[in-house]
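Please look over the chain as a whole before turning to its parts.

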Amino acid sequence: MYRVIAYDEPTDKAGYVIHDPVVGLAASAGKLTISSSQTNTLSLTLNQANKLFGKVRPMHTHVEVYDSDNSELLFRGRALKPEREMKSNGQFIQTYDFEDIDSYLIDSVQRYIEIADATPEEFLKQLIEEHNSQVPEYKQFTVRNVTVTNKKDNTLRKVDYQTTKDAIKKLLTDSIGGSIICEYKDGKNYIDYLKSPGQDHSMEAPLKIAENMQSAKVAIDPSKVITRLIPLGAQIETQKPDEKHDDSSDDGSKLSGPMEPVKGDWKPVIRFAAKCMGITPPEKNVDLVSKLIKNESEGNETVVNNWDDNAKAGHPSIGLMQFIQSTFDAFAIKGYENIRKGFHQLIAYYNDSNWESDVGIGANGKEGEWVGPASGPSGHRRRETLVSSPTQSGTGGGWGSPFPSAGHGSFSGGQLFGVHAGGEFRQNGFHDGLDFGSVDHPGSDVHAIHGGKVTRIGYMGGLGNYFVTHSDDGYNIDYQEAFGSRSDIHVKVGQYVKTGQVIGVRTTDHLHIGITKKDFDYALRYAFTNNGTWIDPEPLIFGGSKQARSLIKRNFLLTKMDDSNSLSADNSSSPLAKQELDIQAGIDLFNKSKAAHLEYAMDYRRADILTDQKHADCSSFVSYFVELAIHETDRTLYNTETLHGFLKKHGYILHYEGTNKTLPAMQTGDVIIMGKKGQSAGAAGHTAVMEDADTVLECSSGWPGGYPDGADVFEHGKSSNPTLADWFSHDANNWSGEWYWYLYRFSGNIPEQDSGDQKGGTIKSGVRYTIAPVNDGKDYLDIPEFQKEFGIINGAVTWDSIKDPAQLLAKGKAWIKAQKASTNTFTVSAIELNEYERFKVYDRYLFINPYVAEQQLLTVIGKEIDLNKPHKSTMTFGDKTAKLTDYQNDFKKISKDVESLKSTVSTIDGDVSSMRAGTSSTKLAMISEQLGTVDVPQLKKDYEGTQKDIEDSKTRLNSAETVLKTVKEDDETTKQTLADYQQTLAKYQQTIADLDERLKKLEGGNDSGTGV
């Protein structure tokens, strides 16, 4: 029996009984649900005679449920909204729902905070402390017992305006496991966080079907099924941010470039020397200095002029640019003081304040001559040190070419990174790296382009033999498609390499270089998607320079020219031609609009965005923003219908369209268009543009801070109100009409996104070894027989100590062999179970039912208590040790039952057939003679009718067997079908018995031994 006590207020000390059958008080109906995974609830239905009828106040009224036998408190909770009903007899009733005290945790919101180096107990206490500061005393909790520990207590946990209950679930129970249990005791609320609540009752008598339990229903929960396993190994180890193990520092302290001529060409060395001195020389100067070198020394770094006036004076002209020693010394930089090194002379030349005017056209009209008054440097020293320490490209430090002797070389469109003519054969036309061909970049030795640690070596379809390095400054560099065999790779996993080091031999027609700052396995998913995951290697390798090329392609990059519409027009300044996005130009427009107090207007005034920025609407603002960013000179203003075409013609590709209500990872320059195309004109559409990966800019109305005090242009980012995510969610969930939106992304290069991934030599949490290197590029293993039944359900299993992909693959296959395919639940009614009350939620009991599953230790995961009819209460056991084979064993049991049933039917069939044989007919004839008027033919017809029924039954059973072969669960339908057939068989067996009895009588005997 159960007793329910009500309290008008949660702080009341004395309540009143509203249900207790012992004293004659009973609710019309009541059901208490206790669960290990959900909030406990109580449903009460009361009539007008009950004391609580009409008095319930949501959130104020509280009730307590006690077990009358031992006065144990089973439930305390608060009322929700009541439901009123009048029965056909005119009686009014009310149904109330009550929720457990753990619902208090949804009444507080955790403010944004980042917490590191806190144990689960410390973190929970911080959350509860914040909760307690926001709610009245009766809703406050005391953290009592915490048994959950975590190896990674230094994990950074970020709480971002969640309810306390959601924060606990997301950052504790869902993340590291365990159970939260709330208890009301002695007037206080306690909260426990337990690793394994409940007790094992393995030593007690097990629950057995047909003994101390009459029956059980089983259900298999496919939500726990894994049909695609992702085996994960140890976290990939790398350096700490303050430790430098390779030469890849990207902090500006190093510059990499050529210090020797490339195929006799000194121009790359000239540019690099100027860069080291903080100068970006015009190409005219580079050309003149190159000609001076040819005129003065023919490119010989050590040649000495022993015949001119300088030689006669005892200080001959020496080296590449024919300095005399004293002049060279006057401009040389410490560390670069060897006059017989061409690079050192170029450094000295660019240390001359008159560097640009001292080389030009000589008096004889010849280009490439010293033209200063001293026939050499005429200015003063510019610097005492270089702007950055240089390192030879290809010999260690910074970045270098994989084939240094080939220089920059030339690349065809299909070899270049990004979207180019010649690369149309690829998905989306996008190339995620840079290809160095054996013709355009000859050489067999492959040199490291950047320092780093080798993190993986493997073979993958589409990549061939490949390896990846990870650098101190966060780059993952993929070398692929160059190595015909594994032996062509000359490095090992864990080895550190330096820029320029020979790391392998190219034995194919090209080398592919891919660079990303994302996790490599993650990046592989976006090999054909230009979303910022992959980085263009060319400017990194060659010091910012890219091969000069025209990217004006009519099918998707056509831009409007001048009046002549000449394709030869100079478009070198266009970001589109360079495949870059000048996002700052658009941001400047936003700032001007704010300063001008822009007012939102959808009429003719929207064109003011082009002049004084006094008015605009969403689409005119985005149109002009993009036009400025790509340096488009045509000032057409589009709307949400025509903006699609404009973007596609100007280097944007459609990245997403659909009805999702959350944003994917965004990127600088992304354009969002809301409203289905064809239906988005006027107020039915909206558009905005991304300033960076975390911030959207829009022209709109209705937000705080708008016109006239501010401006109707808004910035929604990480710290704004609303944030980017809140802004998008608000629009998505409050959209008038059908919600549909589009995301357009610029197809060229954009400023690198600050995503926090793999910076400073650290790999973000969760980056682990996978089986992809030894599993044809796939980091998962499929389980086909279960995918057929359940579809593809991904699940990851981690082996923290394994770093070898081959060993990880073996572990994954072994796991599949014995994996947990599902969690079975068994529901038992109280009338079939002795001592129902003694079973506690979270406790575990031994359970034996050979027809349903193997012997298992099961957890009580839920109880439904009927307050008025306790015998109708039910209890649910959860399968703690379900195995893949459970399912198969159950299926085999059903199959055996079907075979047995078929065998029985066959036996019956044989018996009937023998009665139809000649001997049976003779026997029946003899009986007919003895009995005279007994209707033996009718008896024979009865037998024949029985045989026909059995034949029909056999046909149906054969059909059932076919159906059962496709069933992978012993669900209720299958068991019921089997039971029906067994009942049919029993009827036929009874019919046979009856007929047999009639035959005995016909033969002259019966059970008592007397004749008929």
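The paragraphs below take these topics in turn.

This is a predicted model, in which local features need pLDDT of at least 70 and side-chain atom pairs count only at pLDDT 80 or more, while totals for chains, interfaces and linings use all residues. Residues are numbered from 1 along each chain as its sequence is written, and side-chain values use heavy atoms, with hydrogens and water left out.

The protein chain has 19 helices and 48 strands; these are DSSP runs numbered from the N terminus, helices being H or I with at least four residues and strands E with at least two. Of its 1012 residues, 48% count as buried, where buried means under 20% relative accessible area, exposed over 50% and partly exposed in between, with a 1.4 Å probe and protein chains only. Among contacts (heavy atoms within 4.5 Å) with a separation of 6 or more, 67% join residues 24 or more positions apart.

Helix α3 (residues 267–276) packs against helix α7 (residues 342–349) at an angle of about 50°, and their axes lie 9 Å apart. Axes are lines fitted to C-alpha atoms, for helices over the stretch in contact, and angles run from 0 to 180 degrees between N-to-C directions. The two helices are therefore oblique to each other: angles under 35 degrees count as roughly parallel, over 145 as roughly antiparallel, 65 to 115 as roughly perpendicular and the rest as oblique. On the α3 side, Val269, Ile270, Phe272, Ala273 and Cys276 meet Phe343, Leu346 and Ile347 of α7. This contact of α3 with α7 has eight nonpolar residues and no polar or charged ones. Here Ala, Val, Leu, Ile, Met, Phe, Trp, Tyr, Cys and Pro count as nonpolar, Asp, Glu, Lys and Arg as charged, and the others, Gly among them, as polar.

α3 also packs with helix α4 (residues 283–297), at an angle of about 120° and with axes 10 Å apart. That angle makes α3 oblique to α4. From α3, Lys267, Ile270 and Arg271 meet Glu283, Val286, Asp287, Val289, Ser290 and Ile293 in α4. By class, the contact of α3 with α4 holds four nonpolar, one polar and four charged residues.

How many disulfides does a search of the whole structure find? The search finds zero, a disulfide being a pair of cysteine sulfur atoms within 2.5 Å. The sulfur of cysteine 699 has its closest cysteine sulfur in cysteine 618, 7.1 Å away, which is too far for a bond. Cysteine 618 counts as buried because its relative accessibility is 5%, and cysteine 699 counts as buried at 0%.
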